[in-house]
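Here is a short briefing on one protein chain. Keep the model in view while reading.

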Amino acid sequence: MRNSWRTRDGVTSCCFLKPIINGVGNSYVEAETRNRERMDVVIGYRGEQFIIEMKIWRGNAYHERGEEQLAAYLDYFHLKKGYMLSFNFNKNKEIGVKEIVLGDRVLVEAVV
């Protein structure tokens, strides 16, 4: 039950992405790594791989764990850039896109 929102949102996101990647790439929802961890969305497009982690905002500590989780996926696949989509339902949220530098990796985060 814990991941049910991710699957629904992931499937919706992949349906939105399908016309964009249109035969040039693939998208996978909850793709599994060899060490049995599950990434939310992985997109392969024109020979590049893009990892997208989706989170519901549950405070700073949870958010930082999501960033660390994404950074670990990037390390696993030897990638330097990853993407995080945060769903924040707070009234006073700060929406937008920003880049977070973690060592030699860049996380692009969108808050909606």
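A residue counts as buried when its relative accessible area is under 20%, and as exposed when that value is over 50%. By that cut-off, strand E6 (residues 105-111) is mostly covered, with five of its seven residues buried. The model is predicted. The points below start with the whole chain and then return to E6.

**Overall layout**

- The chain holds two helices and six strands.
- Read from the N terminus, the order of elements is α-β-β-β-α-β-β-β.
- The chain has 112 residues, and 37% of them count as buried.
- Its accessible surface is about 7,400 Å², with 53% of that belonging to carbon and sulfur atoms.
- Among contacts with a separation of 6 or more, 49% are between residues 24 or more positions apart.

**E6 and its partner strands**

- Strand E4 (residues 81-87) pairs with E6 in the parallel sense, over six bridges.
- Within that pairing, Tyr 83 has Val 108 of E6 as its bridge partner.
- Strand E5 (residues 96-102) runs antiparallel to E6, and seven bridges join the two.
- Lys 98 is the bridge partner of Glu 109 in E6, and Val 97 is that of Ala 110.
- E5 and E6 form a hairpin with two residues between them.
- Gly 103 sits in that turn and has a positive phi of about 65 degrees.

**Nonpolar cores**

- Nonpolar side chains tend to be buried together in soluble globular proteins.
- The largest nonpolar core here has eight residues: Ile 51, Leu 70, Tyr 73, Leu 74, Leu 79, Met 84, Ile 100 and Leu 107.
- Helix H2 (residues 60-77) gives the most to this core, with three residues.
- Another core, of six residues, lies apart from it; Ile 43, Ile 52, Ile 56 and Phe 87 are among its members.
- Leu 107 has several contacts beyond its neighbours within four places in sequence, including Leu 70, Leu 74 and Ile 100.
- Glu 67, Gly 82, Lys 98, Glu 99 and Leu 102 are also in contact with Leu 107.

**Salt bridges**

- How many salt bridges does a search of the whole structure find? It finds four.
- One of them joins the side chains of Arg 105 and Asp 75, at 3.1 Å from N to O.
- Arg 105 lies in strand E6 and Asp 75 in helix H2, so this pair ties together parts that are 30 residues apart in sequence.
- Arg 105 is buried, at 15% relative accessible area, whereas Asp 75 counts as partly exposed at 43%.
- Asp 104 forms a salt bridge with Lys 80, where the closest N and O atoms are 2.4 Å apart.
- That pair links distant parts of the chain: Asp 104 is in the loop between E5 and E6, and Lys 80 is in the loop between H2 and E4, 24 residues apart.
- Asp 104 counts as partly exposed, because its relative accessibility is 47%.
- Arg 105 also forms a salt bridge with Asp 104, with the closest N and O atoms 3.8 Å apart.
- Through shared partners, Asp 75, Lys 80, Asp 104 and Arg 105 join into one network of salt bridges.

**A backbone detail**

- His 78 is placed in the loop between H2 and E4.
- Its phi is near 60 degrees, a positive value in a residue other than glycine.
- Is His 78 buried or exposed? His 78 is exposed, because its relative accessible area is 71%, and the cut-off for exposed is over 50%.

Note on methods: Residues numbered from 1 in each chain as written. Predicted model: local features only at pLDDT ≥ 70, side-chain atom pairs only at ≥ 80, totals over all residues. Heavy atoms only, no water. Buried < 20%, exposed > 50% of the residue type's maximum accessible area, 1.4 Å probe, protein only. Helix = DSSP H or I, 4+ residues; strand = E, 2+ residues; numbered from the N terminus. Pairing = 2+ DSSP bridges. Contact = heavy atoms within 4.5 Å. Areas by Shrake-Rupley, 256 points an atom, 1.4 Å probe, with all protein chains shown as cover. Core = buried A, V, L, I, M, F, W, Y, C linked by side-chain atoms within 4.5 Å.
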